[in-house]
Amino acid sequence: MTVPQPTAPPAKYTVPEDRRMEMGVWWIVVVSPLLLWCCEGSSAHQLSVDPPQDLQIVDPGLLGHLYMQWKPPLSLEASHQCPLTYKLKYRSAGDTDWKVIFTKKLKYGDSFDLNRPVEAKVQTLLEGPCANGSEVQSEWTHASFQLPSQGALESRIQDFRCVYYNWEHLRCTWQAGRQAPPGARYELYYWYAGLGDPVQCADYIWTRGKTTGCQLPNLRQAEYLDINVCVNGSAEPARLQPSYFILQIKNLVKPPPPERLALSMSASKEIHVQWSSPEGGTPPECLEYEVQLQGSDGHADAAWSSASTQLETAFVFSQANGTRLSCVRVRGRTNTFCADQGFWSDWTQECFYVPREDEKQLFILVAVVLSFFSVVLVIVFAVHRKKRALAAEKLQLPTGC
C-alpha cells in the first residue's frame, strides 16, 4: 500500500511594494473627489435660509413714486456674521418683464404708473461662510399695491400729450373725458426727485373756459429724471378718475427748425447744402438732421430724396441730369447720444431754383439784352431831356424892336 505524499501548497503572488503604492494613490485620486462632491452636495442640500419679512409697497403721496421695504429674515435678524443680499423683482400689471434689483438695503424706490396695480417680490440670498462657500436662496415674499377706485373710468382725461420745446419749456395738453360732466375742471400736479412735495401747474392752457393743458418752464434740473404727473379733477356731484403719467422729458424734445439754410451748385453739378443749428436751449451736439431735395421737370408732386447726418450741418447732393427744379429743406431731432427718442422739428421753408446749363445760357442772354435796352433807354431819356432844355432856353431869349 502506497501512502500518498503530501503536496506542497501553491505559491502565493506577492504584489510589489511600489505597485501597492501606485494603486493606493489611484484610489485616492479617483474616490476623493467623489466623496467630497457628495459631502458638499449633502451639506448644501441641507442649508436653507428664511425669506425676508413683511414686504410692503408704500405710497408716500408722490404721484406714483413708491417704496418697497421689508425686514430681514427672522432666523438671521440679529446675525452680523452672515452677509445678506436681497433680490427684488417688481413690475406694473400687464408688463411682461420684471425689473430686477440686487441690494443689501431694506428699501428701494421707483416710479410706477398708478393707473395699474403694482406687484413686487423679494428673496434672501445667503453667501459666504454661512453657506459653506455657496449661495443659498430663500422662498419669495410677495406684495401688491393698487389705488382705490375713484370716479368713472370714462371721466379720465384723454389724448394726453407732452412736448418739450427747444429744451426750454414743457407743454402738455389733453381732452376732457368722454363722460366728464359739463362743469368738470381738471388740475395737473407734478413731482420729481429734488422737490419736497407735488407742485400744481401755475400756467394752465384754457379752451372755452376749461383747462386743457399746462405749460411748465424751468425744468433743466429734471431733464434726466422721471417726472411723475397726475391730472385729476372735480365736478359736482360726480368724482373724476385721476390719470397718472411718468415723463422723461429728454425723450420729448422738439427743437426749432435749422437756421440760415444756404444752397450752391458746383461746376460738377453737385448741390452743396449748408445750415446752422437753431439758437436756444437745444445743445448743438444733441442734434441729428434730415435733408430732403425735390427735383422735377415741372411736376410739383415730384418725389423727395432724403439723407441723414449726425452732428454735421452740411451735405452734398449729386444733381441728376435733366433736373430743373430743386427744393431743399432740412429738419432736426434729438440724436441717440442725448435721448432715446424725440420729435422732429418743422421743416425749413426755403426753396431754391437750380437751372440746367442751357437755361443758364438763356438767362445770361436775357440779362445781356435787358442790360442793352436799359442803356439805350437811359441814352434816349437823356437826349430827350437835353432837347427839352434847349427848347426852353430859346423861348427865354429877348426879342428885338
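**View 1. Pairing of strand 18 with strand 19 in the predicted model.** In this predicted model, strand 18 and strand 19 (residues 270–276) run antiparallel and are joined by 5 bridges. Within this pairing, A262 stands opposite Q274 of strand 19. The two strands belong to an open sheet of 3 strands, which has the order 18-19-22 and antiparallel pairing. Strand 18 (259–265) and strand 22 (314–318) are the edge strands, each of them pairing on one side only, and the twist from one strand to the next averages 15°.

**View 2. The salt bridge between R260 and E259.** The side chains of R260 and E259 meet in a salt bridge, with an N to O distance of 3.5 Å. R260 counts as exposed at 53% relative accessibility, whereas E259 counts as partly exposed at 24%.

**View 3. The salt bridge between D95 and R116.** The closest N and O atoms of D95 and R116 are 3.0 Å apart, and the two residues form a salt bridge. Because D95 lies in the loop between strand 3 (84–92) and strand 4 (99–103), while R116 lies in the loop between strand 5 (107–111) and strand 6, the pair ties together parts that are 21 residues apart in sequence. D95 is partly exposed at 32% relative accessibility, and R116 is likewise partly exposed, at 29%.

**View 4. The salt bridge between K254 and D346.** A salt bridge of 3.4 Å, N to O, brings together the side chains of K254 and D346. K254 lies in strand 17 (residues 253–254) and D346 in the loop between strand 23 (325–334) and helix 2 (357–395), so this pair ties together parts that are 92 residues apart in sequence. K254 counts as partly exposed at 22% relative accessibility, and D346 is also partly exposed, with a relative accessible area of 44%.

View 5. K121 lies in strand 6 (residues 118–126) and is buried yet has no salt bridge, the nearest side chain of opposite charge, that of E119, being 7.4 Å away. Leaving aside residues up to four places away in sequence, K121 touches L55, K87, L88, K89, W98, W140, T141 and H142.

View 6. K71 lies in strand 2 (residues 65–71) and is partly exposed, with a relative accessible area of 44%. Beyond residues up to four places away in sequence, K71 touches P52, Q53, D54 and L106. The C-alpha atoms of K71 and K107, which are 36 residues apart along the chain, are separated by 9.0 Å.

Definitions and conventions. Residues are numbered from 1 along each chain as its sequence is written. This is a predicted model: local features need pLDDT of at least 70, side-chain atom pairs count only at pLDDT 80 or more; totals for chains, interfaces and linings use all residues. Side-chain values use heavy atoms; hydrogens and water are left out. Helices (H or I, at least four residues) and strands (E, at least two) are DSSP runs, numbered from the N terminus. Buried means under 20% relative accessible area, exposed over 50%, partly exposed in between (1.4 Å probe, protein chains only). Contact means heavy atoms within 4.5 Å. Lys and Arg count as positive and Asp and Glu as negative; His and the chain ends are not counted. A salt bridge is a side-chain nitrogen of Lys or Arg within 4 Å of a carboxyl oxygen of Asp or Glu. Two strands pair if DSSP finds at least two bridges between them. Axes are lines fitted to C-alpha atoms, for helices over the stretch in contact, and angles run from 0 to 180 degrees between N-to-C directions.
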